[in-house]
Amino acid sequence: MMVTLEMIRDAQKALEGVVRKTPLDPAPQIGKNIYIKAENLQMTGAFKLRGAYNKIRSLTPEEAAKGVIACSAGNHAQGIAYSATKLGIKSIICMPAGAPMSKVEATKGYGAEVVLVPGVYDDAAKEAERLRQEHGYTFAHPFNDPYVIAGQGTIGLEILDQLPDVEQVVVPIGGGGLISGIAIALKSLKPDVRVIGVQAAGAASMYTSHYRGTPVELRNVSTIADGIAVKRPGDLTFAICEKYVDEIVTVTEEEIAYGILRLIEGQKTVAEGAGATPVAAVLAGKVDTLRRKTVCVVSGGNVDVTTLSRIITKGLSHSGRIVEIATKISDRPGSLMQLLHVVSETGANIVSINHAREAKAADVGACIVTMVLETRDQAHIQQIQDQLTQQEYYLLKN
């Protein structure tokens with residue numbers, strides 16, 4: 001079954017009173033012509049509720065009686081659990097064992113039975129299929145399903161309603177369900193709108209598939225954007241993306257972290273790794289926004305707090321707001337004080353310092369000093385390094 005504009009409009013009616021019409025606000029702190037579609041403020045914290053509910057409400061009475069099973073890294077899981085419980089249907093969710101604990105607990109909290117599976121999303125999918133065959137559950141695919149895609153497509157209808165003169169929409173891609181639905185809605189009603197997909201470089205299955213002309217399964221995926229860590233796109237979503245998506249780009253882990261940081265500081269909103277990829281692509285100059293009104297779909301905000309702190313540190317490092325510098329000094333009284341005086345004159349703030357006399361890299365009669373510094377930007381870091389070099393300090397590579 002292909003997905004049509006009529007299916008998306010039907011889903012929009014069914015979702016009234018169930019999902020929020022999320023804000024679409026200008027984001028001048030991110031860049032000129034940039035708007036944020038804040039699906040991280042959706043019920044359950046992500047866009048997945050739209051497709052999940054549309055799928056669950058489409059079940060026949062016989063399918064509903066047997067219960068529903070799904071596999072997910074977290075957001076689809078919560079959407080299915082919430083929807084099934086709301087409609088009085090049993091739900092079983094297979095999740096990768098490495099999924100953030102906050103997403104696992106939230107899924108349980110919405111009423112689902114959670115099965116943790118070693119590996120990534122695709123491993124969870126195999127276990128879900130095994131359980132489906134064994135127990136007769138109805139499988140709710142997170143992206144390669146017409147009803148799920150139609151539900152996600154309601155975001156496209158909202159974007160056109162909230163910003164009728166939109167010229168470009170940037171969307172995260174994992175398996176492709178979100179961008180497929182949005183692209184069908186946009187291209188059906190306003191064909192000249194550019195639709196750009198963004199993948200993590202460590203999980204670029206749709207990107208790779210596009211350039212090979214057929215769905216490709218990656219051997220492994222690794223990214224902080226766990227919500228889009230998918231080894232293989234769906235056959236249906238691949239076909240839709242080939243037809244409607246104008247371009248696909250990738251972003252690095254550092255760029256994703258910086259995107260999260262800029263959303264926190266500029267928009268006062270928290271995004272998970274997958275949700276920040278469109279902003280990451282814009283900030284990295286991988287999407288041209290100078291002449292087009294551009295909407296970045298921030299797809300979710302379900303990020304584990306402990307993970308968030310590490311991501312922020314990575315984002316600060318990428319933007320030159322924090323740096324680690326290591327150097328050798330003489331092992332004699334006053335050497336460390338002299339080094340710290342040089343650093344203080346540059347205006348850097350010392351976060352932490354380690355003074356190692358027994359370091360393997362240290363010469364006899366020398367010590368290794370490693371400093372973590374708060375800095376203003378990359379230019380400030382260069383100034384500090386230049387000043388240390390002028391004072392004849394030998395800087396060690398990290």
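The expected span of a helix is 1.5 Å times one less than its number of residues. Helices (H or I, at least four residues) and strands (E, at least two) are DSSP runs, numbered from the N terminus. This is a predicted model, where local features need pLDDT of at least 70, side-chain atom pairs count only at pLDDT 80 or more, and totals for chains, interfaces and linings use all residues. Residues are numbered from 1 along each chain as its sequence is written, and side-chain values use heavy atoms, leaving out hydrogens and water.

**Overview**
- The protein has 15 helices and 14 strands.
- Its C-alpha trace spans about 80 × 50 × 40 Å along the principal axes.
- Of the 398 residues, 55% are buried (under 20% relative accessible area; exposed is over 50%, partly exposed in between; 1.4 Å probe, protein chains only).

**Helix α7**
- Helix α7 covers residues 146-162; at 1.5 Å a residue, its 17 residues should span 24 Å.
- The end C-alpha atoms of α7 are 25 Å apart, which agrees.
- In α7, 14 of the 17 residues are buried.
- At the start of α7, a side-chain oxygen of Asp145 comes to within 2.8 Å of the backbone nitrogen of Tyr147.

**Aromatic pairs**
- The whole structure holds two aromatic pairs (rings of Phe, Tyr and Trp, the last by its six-membered ring, with centres within 6.5 Å; planes under 30 degrees apart are stacked, over 60 edge-to-face, the rest tilted).
- One of them is Tyr82 with Tyr110, an edge-to-face pair at 5.7 Å centre to centre and 85° between the planes.
- Tyr82 lies in helix α4 (residues 75-86) and Tyr110 in the loop between α5 (101-109) and β5 (113-117), so the pair ties together parts that are 28 residues apart in sequence.
- Tyr82 is buried, at 18% relative accessible area, while Tyr110 is partly exposed, at 28%.

**Nonpolar cores**
- A nonpolar core is a set of buried Ala, Val, Leu, Ile, Met, Phe, Trp, Tyr and Cys residues joined through side-chain atoms within 4.5 Å.
- The largest core has 38 residues; Ile159, Val166, Val169, Ile182 and Val295 touch the most other members.
- At least two residues of this core come from each of α1 (5-14), α7, β7 (168-172), α8 (177-189), α10 (235-244) and β10 (294-298).
- Helix α8 gives the most, with seven residues.
- Apart from this core lies another, of 30 residues, including Ile30, Ile36, Ile196 and Ala280.

Notes
A polar contact is a pair of N or O atoms within 3.5 Å; within protein, one must be able to donate a hydrogen and the other to accept it, and residues adjacent in sequence count only if both atoms are side-chain atoms.
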